[in-house]
Amino acid sequence: MGEVKLFRTWSSPFALRVVWALKLKGVEYETIYEDLANKSSSLLEYNPVHKKVPVLLHNGIPICESLVILEYIDETWNEGVRFLPKDPLARATARFWAKFNDEQVFPSFFRYFMRQGEDQEKAKEKVLENLKFVEEHLKGKKFFDGEVFGFLDLVFGWLVCYPGVINKAINLKLLDEQMFPNLCTWMEQFGDVPVIKETWPDEEALIHKFHKMREGLGIYIYTKLRYEAS
């Protein structure tokens, strides 16, 4: 099926879902790691609109945005395992929840991580509200699509790793079995899939990254307060 390259960063959960998709499909590909503080000319050429990862390059043609890339992979390498259901209504429903994750769940989680004090408590209320919708959607299911994992499991897969790592890094816990039994069960089952288990970023490196992000936030807040007080 031609040459495949993936532009990514080592820690991006959006790029990681593309890695999972390619591996589950058995697609051979070359990984090109990007430094977003010093973006390569190739990344700027292949994604001039957003200038971000992931970018999938297939036979020299770039495909951008992780959800778009997942669908492209599913339709291009369409023998064997399929990620999206065949039924049009089920496909539309999957796209709705994928959009909900990328536009609501993940951003609210990131805001909670980056806030402090009262702002953090308000952010926590929002992310918990969003996660409760996901919890209800998983009721009575092993995976998002039923008994076999698929598109939405790849989309929500970041929940299996990143919240737990952030909890270890800065003691911010969101997910527990009492409040989110369905979600926690799904996390355990999805995390046991070999391809998923084998491709997580290094935990210590992630913890270090999250510490640095929080340190940067602290410096920003201190500088802002000093400026406002001067």
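**Asking how we know**

Author: Hello! Among the protein's contacts (heavy atoms within 4.5 Å) between residues at least 6 apart in sequence, 68% join residues at least 24 apart. This is a predicted model, where local features need pLDDT of at least 70 and side-chain atom pairs count only at pLDDT 80 or more, while totals for chains, interfaces and linings use all residues. Residues are numbered from 1 along each chain as its sequence is written, and side-chain values use heavy atoms, leaving out hydrogens and water.

Reader: What is the mean pLDDT of the protein?

Author: The mean is 90, and 93% of the residues reach 70 or more; pLDDT is the predictor's confidence in each residue, from 0 to 100. Over residues 218–230, though, pLDDT stays under 50, and the model has 1 contact there beyond four places in sequence.

Reader: Why is A21 called buried?

Author: Buried means under 20% relative accessible area, exposed over 50%, and partly exposed in between (1.4 Å probe, protein chains only). A21 has 0% relative accessibility, so A21 counts as buried.

Reader: Which residues does A21 touch, not counting those up to four places away in sequence?

Author: A21 touches L70, I73, F83 and L154. A21 itself is found in helix 1, residues 13–25.

Reader: And what makes R111 partly exposed?

Author: The relative accessibility of R111 is 34%, which is why R111 counts as partly exposed. You will find R111 in helix 4, residues 88–114. From R111 to N171 is 60 residues in sequence and 15 Å in space, C-alpha to C-alpha.

Reader: How many helices and strands does the protein have?

Author: There are 10 helices and 4 strands. Helices (H or I, at least four residues) and strands (E, at least two) are DSSP runs, numbered from the N terminus. Along the sequence they follow the pattern β-α-β-α-β-β-α-α-α-α-α-α-α-α.

Reader: Why does the radius of gyration agree with a compact globule?

Author: The radius is taken over C-alpha atoms, and the globule rule is 2.2 Å times the number of residues to the power 0.38. For 230 residues a compact globule would come near 17 Å; the protein has 19 Å, so the value agrees. Taken along the principal axes, the C-alpha atoms fill a box of roughly 60 × 45 × 30 Å.

Reader: What share of the 230 residues is buried?

Author: Buried residues make up 45% of them.
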